[in-house]
Amino acid sequence: MADLIAFWILAPVSVIAAGGMVLSRKAVHSALWLVVNFFTLSVFFLILGSPFLFVVQIIVYAGAIMVLFLFVIMLLGVGSEIPLTERIKGMRFTAILLGLALIVGLFVAIGIGVGFARETLPDMNAVNQGGNVRALANVLFNKYFFPFELTSVLLIVAAIGAVMHGRRRFSEEETIDAPVDETLTEPAPNGRGAGPPATVAGNGGRSPSEVAPPVPSETGGHP
Amino acid sequence: MRTPISYFLLLSGVLFTIGTLGVLVRRNALVIFMSVELQLNAVNLALVTFARQQGNLTGQVLTFFSMVVAAAEVVVGLAIIVSLYRKRQSTDVDDADLLKG
């Protein structure tokens, strides 16, 4: 009985959160609505007999992935508003029509395939013998061991891909330490190009206090 | 469990449809990406529901894999959005129309 009450409380919250995610004007609001949706889904996982996925959903989705989303929204600036006008004429109407067709199709498919009546379900406690995590690990590391190892390759490739995309002006840099040389030779247009490299080269035996004085005179001397 | 198993599937279908509408209607690349995440989560819910119905853990393992793939996908996708923003100064998907004839 408790699961039915939980379902009827959380299912509307989940749908409202999903609708709010699609309809809200700002990307930050969308992200926050999506977090609400992820939390409700995690409770559904708990109802359906998977405490492990309940925790993973909260940690991975509501924690890691949404923080990543919010971080990118923050990085790109929330102020950049995108107009909500239609680019293609009748785009929104067609989309709603297609969405209605999809949902009717899904309802019919579920009605034919599963039926809307309550059925007697197999005992999940017998399946989760010794705890859900232990039972899940038993399946994961025996039957699906090779796919599990493949995910490590996927994660490495994804990490490398993210680094490649995240680099600034990838084609213009020749080596990794090109920006370091750029900062050292930067004051050259001001007529004192020999200054900073000389200090860098000559500070081998000197203490930092001896190297420091030229810096204020350099910045304050000439405009 | 008193809740019919089909209720969860219907909810999953509704969430998937809302995600599809988000992908079709919105123009902000970040919101489109979030809608894709919503679709993935709707399918995850369906998988866990079928695992409950069948009484085995294969659906839960598949959900676990799908979460791993989604995490990798989010990392690469957000990196692409950031590099797109660097080029075009906008996250509007309609601005990236270099292949337009």
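## Basis

The model is predicted: local features need pLDDT of at least 70, side-chain atom pairs count only at pLDDT 80 or more, and totals for chains, interfaces and linings use all residues. Residues are numbered from 1 along each chain as its sequence is written, with chains lettered from A and ligands numbered from 1 in the order in which they are written.

## Chain B

Chain B has 3 helices and 0 strands (DSSP runs of H or I, at least four residues, and of E, at least two, numbered from the N terminus). Its C-alpha trace spans about 50 × 25 × 20 Å along the principal axes.

Of the 101 residues of chain B, 54% are buried (20 or more other C-beta atoms within 10 Å of the residue's own, with C-beta atoms placed from the backbone).

## Contact between the chains

Chain B gives 64 residues to the contact and chain A gives 72 residues (two residues are in contact if their C-beta atoms, placed from the backbone, lie within 7 Å). On the side of chain B, α1 (5-25), α2 (29-54) and α3 each give two or more residues. The largest share, 21 residues, comes from α3(B).

## Helix α6 of chain A

In α6 (residues 132-140) of chain A, the buried residues are A:N132, A:A135 and A:L136. They line one face of the helix, because they fall within an arc of 95 degrees seen down the axis of α6(A) (the arc of the directions from the helix axis to the C-beta atoms). Their cover includes α3 (51-76) and α5 (124-127) of chain A, and also α3 (58-88) of chain B.

Note on methods
A residue is buried if 20 or more other C-beta atoms lie within 10 Å of its own, exposed if 12 or fewer, and partly exposed in between; C-beta atoms are placed from the backbone.
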